Amino acid sequence: MSSAQIEIQLIASIVAIACAIPGTFLVLRKMALISDAISHSILPGLVLGFFITHDLNSPLLIITAALSGVVTVVLVEFIQKTQLVKEDTAIGLVFPVLFSIGVIMIAKNANDVHLDTDAILLGELAFAPFDRFLLNGSDLGPKSLWIIGTILLITISLLFAFFKELKISTFDAGLATALGFSPVVIHYGLMSVASITVVGSFDAVGAILVVALMIAPAATAYLLTDNLKKMLGLSVVFGVFAAIAGYWLAHWLDASISGSMTTILGIVFLIVYLFAPKRGLISVLYRNRQQQIEVSLLTFLLHLNNHQEISERHINHLNEHINWRRVKSKSVLDLATKNNMIVIDKSIISLTEKGKDFTDKAIDYIITNDHSKIESIKEDFFLFRG
Amino acid sequence: MLGSFAVLRKQSLLGDAISHAALPGIAIAFLITGTKETNVLLIGALVSGLLGAFWIRGITKRTHLKSDTALGLILSIFFGFGMLLLTYIQKLPNANQSGLDKFLFGQAATLLARDVWFMASVTFVCLVVLLLFWKEFKILLFDADYAKTLGFNIQLIDILITSFIVIAIVLGLQTVGVVLMSAMLLAPAAAARQWTNSLGIMVVLAAFFGASSGVIGTAISASQNNLSTGPVIVLVAAVFVGFSFIFSPSRGLLFRQIRFIQNRKDLELHKTLAFMFEIVKSHENISHPHAVKILNNFHGYTRKSLGKLERKEYINVSGSMWSMTPKGYHFAANLYNQQGNENE
């Protein structure tokens with residue numbers, strides 16, 4: 001590994017961490033799309049900053065860009081407050097307009113400058129190490145490393161300083177107000193941090209990757225845990241993993257680094273989405289299926305309990321009476337037999353002692369809706385699962 | 001037009017997500033076929049757009065992640081993957097690859113007559129389907145549970161709407177590009193929403209707004225050099241939206257503000273009148289004159305409101321004295337009663 005490679009991975013990782021922290025709160029506050037809006041609407045801010053300074057490297061550019069990010073948030077809030085349209089529509093209206101203004105400003109006035117939309121949207125991490133930060137002629141490392149490092153430092157210190165406030169206002173804005181924190185101040189504080197992070201990172205990794213780095217790790221972590229601290233930790237881990245793995249994927253394919261980082265993030269999310277122990281797609285589907293079978297079994301047992309006459313308890317009668325398909329009735333029948341709840345004698349089904357007991361309890365529960373009654377059944381259902 | 005449904009279904013940003021999600025489809029279609037045939041690329045875009053749309057639905061339905069997170073996630077991940085593929089394609093030893101990214105930012109000027117016909121026919125098909133399933137769409141939109149009890153296959157209709165939105169977006173991509181597509185989908189519908197509460201009128205209005213912003217935008221961008229079409233169209237659409245927000249008669253900000261001020265003025269007038277009534281009530285002769293001075297410490301009183309009351313013939317003012325007319329007395333008494341009733 002050359003030093004440039006190390007630097008790229010370092011920058012990518014720091015960007016990932018810096019994005020993951022505000023990203024977690026955005027996801028929790030259901031404002032994930034604000035990051036997308038900000039990442040697009042910083043364009044006019046950048047252009048404006050460039051007009052003022054005529055210098056692409058001026059720090060003023062970052063400030064104006066971050067300001068236009070905040071302006072986006074304010075505009076969205078304003079449109080939303082008029083209650084003429086919903087929040088998502090407000091977001092969808094504001095950022096294309098700001099972006100258009102930016103594009104037109106570039107086209108009209110700065111056509112000959114290196115400020116094209118591709119570069120802003122996509123970014124090029126591979127060039128980051130070439131843009132050195134020089135102080136008194138000595139080389140202090142890549143400039144974007146310094147910028148994003150500073151932003152990360154600010155973010156982390158703000159996070160530690162206001163963790164409690166952020167937590168309360170995220171989960172219970174009413175309580176936060178009652179306790180004397182201003183949710184509005186915290187809201188705009190968070191938005192400003194998000195905005196600055198977007199601006200600081202897009203230079204290195206591009207606007208789209210910033211959005212991905214903000215939302216994807218947080219969403220992935222949210223599937224795995226409910227604990228805010230764990231969620232923050234996990235999203236940082238996912239972000240850094242994607243940064244480093246993405247770099248090597250790009251290295252191997254000779255393709256865009258930000259693209260491959262996003263792809264890794266997508267793959268990680270897909271895996272967690274499918275296999276997460278509690279919230280994953282597979283476990284949700286499995287649970288639904290289990291519940292379906294349990295309900296079927298219960299219906300079946302209740303049916304048997306209600307009918308003493310032999311004709312109703314004939315094995316072939318099930319299909320028509322409870323309106324099940326053949327396969328389903330068979331699987332329910334097997335399940336019940338396996339648990340010694342029924343006996344089948346010459347195609348006539350009868351409840352066993354255990355089955356009767358179980359059904360009585362279930363009826364008891366259905367009538368009284370008392371959870372204590374079902375405790376023992378629950379254990380039985382766990383037996384079924386095994 | 002289809003945007004109306006997106007806006008009303010609170011899926012406004014779906015357009016944004018899908019237009020980004022179409023990118024890997026374009027890239028993959030190119031990788032497989034090696035051609036730049038518009039139709040092939042469009043099919044690729046369509047497939048990956050649909051995939052994105054349904055994955056979003058899957059995420060919001062099956063997990064506790066909210067729709068905004070799902071949208072942002074799919075948007076960025078698909079787009080990033082698309083970028084990866086595009087850069088990968090660019091490094092391939094094949095001279096045919098340039099111009100793929102034109103899809104990204106859109107080039108209305110590069111459209112061929114054939115493309116336009118193609119788009120027109122797809123629009124026509126959309127229109128026919130929309131009319132055929134009008135009733136179903138409408139019910140699903142406003143009361144999904146009701147639609148279910150009526151026995152409509154909700155999922156099918158839902159998939160139908162989503163597919164049409166995706167098709168519209170993918171077609172529009174060529175014209176205005178990824179970023180501005182969402183505005184094209186949303187802005188006309190959001191503007192139309194301000195003018196009407198009826199779905200039918202809203203759809204027609206949205207189509208009208210969309211078409212006119214397209215025409216005006218293209219005209220403006222053609223009249224000056226160096227202006228790309230897409231952004232101008234979006235800005236024109238935004239002007240429509242802003243105009244609608246402010247001037248729409250029933251929901252607009254301007255009229256709401258006017259109504260608000262009017263209400264407050266009425267209230268102050270009534271307050272003054274009620275206060276006068278209290279004074280007058282204690283005298284046997286209702287038109288007994290009182291000094292204007294005693295009103296000064298009262299909130300709702302201004303010289304203007306006094307004049308207004310006089311014009312309404314509720315009071316007579318002569319010099320620095322005022323007296324209540326029978327009409328005013330009657331009105332004030334009723335006013336008082338009404339308020340009393342409401343308080344009960």
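Two residues are in contact if their C-beta atoms, placed from the backbone, lie within 7 Å. The structure is a predicted model, in which local features need pLDDT of at least 70, side-chain atom pairs count only at pLDDT 80 or more, and totals for chains, interfaces and linings use all residues. Residues are numbered from 1 along each chain as its sequence is written, while chains are lettered from A and ligands numbered from 1 in the order in which they are written.

**View 1. Overall make-up of chain A.** In chain A, 65% of the contacts with a separation of 6 or more join residues 24 or more positions apart. The chain holds 16 helices and 4 strands; helices (H or I, at least four residues) and strands (E, at least two) are DSSP runs, numbered from the N terminus. Of the 386 residues in chain A, 42% are buried. A residue is buried if 20 or more other C-beta atoms, placed from the backbone, lie within 10 Å of its own.

**View 2. Helices α1 and α10 of chain A.** Helix α1(A) (residues 3–28) and helix α10(A) (residues 228–253) have axes that come within 8 Å and cross at roughly 150 degrees. The two helices are therefore roughly antiparallel, a term for angles over 145 degrees. Axes are lines fitted to C-alpha atoms over the stretch in contact, and angles run from 0 to 180 degrees between N-to-C directions. Among the residues that make the contact are A12(A), A16(A) and A20(A) of α1(A) and S235(A), G239(A) and A243(A) of α10(A). The residues of this contact comprise 15 nonpolar, 6 polar and no charged. Ala, Val, Leu, Ile, Met, Phe, Trp, Tyr, Cys and Pro count as nonpolar, Asp, Glu, Lys and Arg as charged, and the others, Gly among them, as polar.

**View 3. The contact between chains A and B.** Chain B contributes 48 residues and chain A 52 residues. On the side of chain B that touches chain A, two or more residues come from each of α4 (67–90), α10 (178–195) and α12 (229–247) of chain B. The largest share, 15 residues, belongs to α4(B). This side of chain B has 28 nonpolar, 12 polar and 8 charged residues.

View 4. An unreviewed UniProt entry lists several spans of chain B as "transmembrane region", including residues 40–58 and 70–90. Residues 40–58 of chain B are 100% helix and 0% strand, with end C-alpha atoms 27 Å apart. Residues 70–90 of chain B are also 100% helix and 0% strand, with end C-alpha atoms 30 Å apart.

Notes:
Angles under 35 degrees count as roughly parallel, over 145 as roughly antiparallel, 65 to 115 as roughly perpendicular and the rest as oblique. UniProt positions are given in the numbering used here, feature names are shortened, and annotations may be inferred rather than shown by experiment. A residue is buried if 20 or more other C-beta atoms lie within 10 Å of its own, exposed if 12 or fewer, and partly exposed in between; C-beta atoms are placed from the backbone.
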